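The sequence and the model are shown first.

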Amino acid sequence: MRPLAELESGLDSAGESPDVQDGAEQLLRIGEEVLEHWITVKGEVPTDDRREGFRLLALHRQGAKGDPSFNACRETCREIVYHYNLITMQPELADSTNRLAMMKMICSHLFLFVSGKMQVAELGEFCCSSKPIRLESEYNAQTTKEA
Amino acid sequence: MTTKDKYKKVAYYPGCALEGTGHAYNRSTKAIGKKLGLDLVEVKNWNCCGAMEVKNVDPKLQTYLSSRVMSVAANEMDMDVVMAPCNGCYHNLKKAEYDLKNDKESVEVVDRLSKKAGHKTYESGQVETIHALDWIKDAIGEDGLRERVKNSLSGIKVANYYGCMYTRPRHIFPEKDAGPGSESTSKPHFMDDLLAAAGAENVDFPLKTACCGGAHTLSDSDTSTKLVLNILKAAKLAGADVIATECPTCHTGLEMHQIRAEKRLGVKVEIKILYFTQLLGMALGLKPKKVGVHENISSSLSFLKERGLA
């Protein structure tokens, strides 16, 4: 797992890769590593499982367990996967370069969201709208469902 | 009574933001309601929904505050539907509804505080809380809008930005993801549908529900600016001329951090930010001033003139 600063700088080079498939692979890996950071600081071991064929989605699910506010990046992760599929399944398409650039923007959002969340004291207070739902007790059942 | 008929007259809960930074949203929502023949009856003596501040200190108190708004609508105004255009208010009323249906302790706290405050206790299910998007979508619909459009939004490319509170957490929105015609929590489309009916060209925008950092806009401004900048750049990359919003917090955040990004980071992203109600209002023939374009932080007037909307 590379340091966050290295991942951030890697976003640009991956997003501008002349080989769109390689760029998409790099961005997907960066997304995974960003989530690995989040899971590691929470004291857990990042999973090697896959969901719907992607480790990124399994890592997101792991990161959101017990912390529904982390679902604020759920669709971001799914969009990364969607763009990865678009690029790798039809790399010859003329707009693949644009798609790679967009995938970089989405990965960048995931990076900003997770790194911002980690900067805040006690971790996970980024999306304060979800804070009460993360509290223990009566919300536990729903927490599991949402995660 | 059909949903269409039920939504023709609703209790209107503007919330605090629409009386302040989001006044343009208030103005444009009321203006399109009038134009479309829909009746908005403001909730009497409404209070704060508990927003983020109260909720973070005492979630049960937030549930009570939101329940009082619904209680007034149901028990003092005899209304069946409360329409809240602000994502934060909408989210909080839905959360209170969920709590009161599923959590005994919340019911006890709300009952105790309601009695202390001297009003009837709200009971789960007394009213239906909807967003402004549900209101237009169900009361008028795309066909109804098409018939009424005077200035088509044709040629305007729009990135629809819903923010994170309109669809999350999923369990407080049981009516979403409920099959054909319902709103999606993963890829919301009601705003896209309405603006397309008014002639706009919606671009494929992958960050439509991404976090704008709104909650930390004051405590951690730099992170918010970076998040907003990324949203603006992605919308631009998607080919959008305009970002359409449906939340006063998101809208203000996008506008403020667009300016801040230029000042602090030296990055200028040329993209207009307008409430969906402003765009719909102008499509229906209302003048920009009628929908509060002059109240936005950023100026869109010359763009709107170019496009024949002003």
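Among contacts in chain B between residues at least 6 apart in sequence, those joining residues at least 24 apart make up 78%, where two residues are in contact if their C-beta atoms, placed from the backbone, lie within 7 Å. In chain A, residues 24 or more positions apart account for 63% of the contacts with a separation of 6 or more.

The model is a predicted one, in which local features need pLDDT of at least 70 and side-chain atom pairs count only at pLDDT 80 or more, while totals for chains, interfaces and linings use all residues. Residues are numbered from 1 along each chain as its sequence is written, and chains are lettered from A and ligands numbered from 1 in the order in which they are written.

The table sets out both chains; a residue is buried if 20 or more other C-beta atoms, placed from the backbone, lie within 10 Å of its own, exposed if 12 or fewer, and partly exposed in between. Helices (H or I, at least four residues) and strands (E, at least two) are DSSP runs, numbered from the N terminus.

| Chain | Secondary structure | Buried residues |
|---|---|---|
| Chain A | 7 helices, 0 strands | 48% of 147 residues |
| Chain B | 13 helices, 8 strands | 56% of 310 residues |

Chain B has a radius of gyration of 19 Å, which agrees with the value near 19 Å for a compact globule of 310 residues. This radius is taken over C-alpha atoms, and the globule rule is 2.2 Å times the number of residues to the power 0.38. Along the principal axes, the C-alpha atoms of chain B fill a box of roughly 55 × 45 × 35 Å.

Within chain B, strand 7 (residues 242–245) has V242(B) and A244(B) pointing one way and I243(B) and T245(B) the other, and all are buried. In a regular strand the side chains alternate between the two faces of the sheet.

Strand 7 of chain B pairs (at least two DSSP bridges) in the parallel sense with strand 5 (residues 157–161) over 4 bridges, and N160(B) stands opposite A244(B). Strand 7 of chain B also pairs in the parallel sense with strand 8 (residues 272–275) over 4 bridges, with T245(B) opposite Y275(B). Strand 7, helix 11 (residues 248–265) and strand 8 of chain B make a right-handed β-α-β unit: with the strands pointing away from the viewer, the path from the first strand over the helix to the second runs clockwise.
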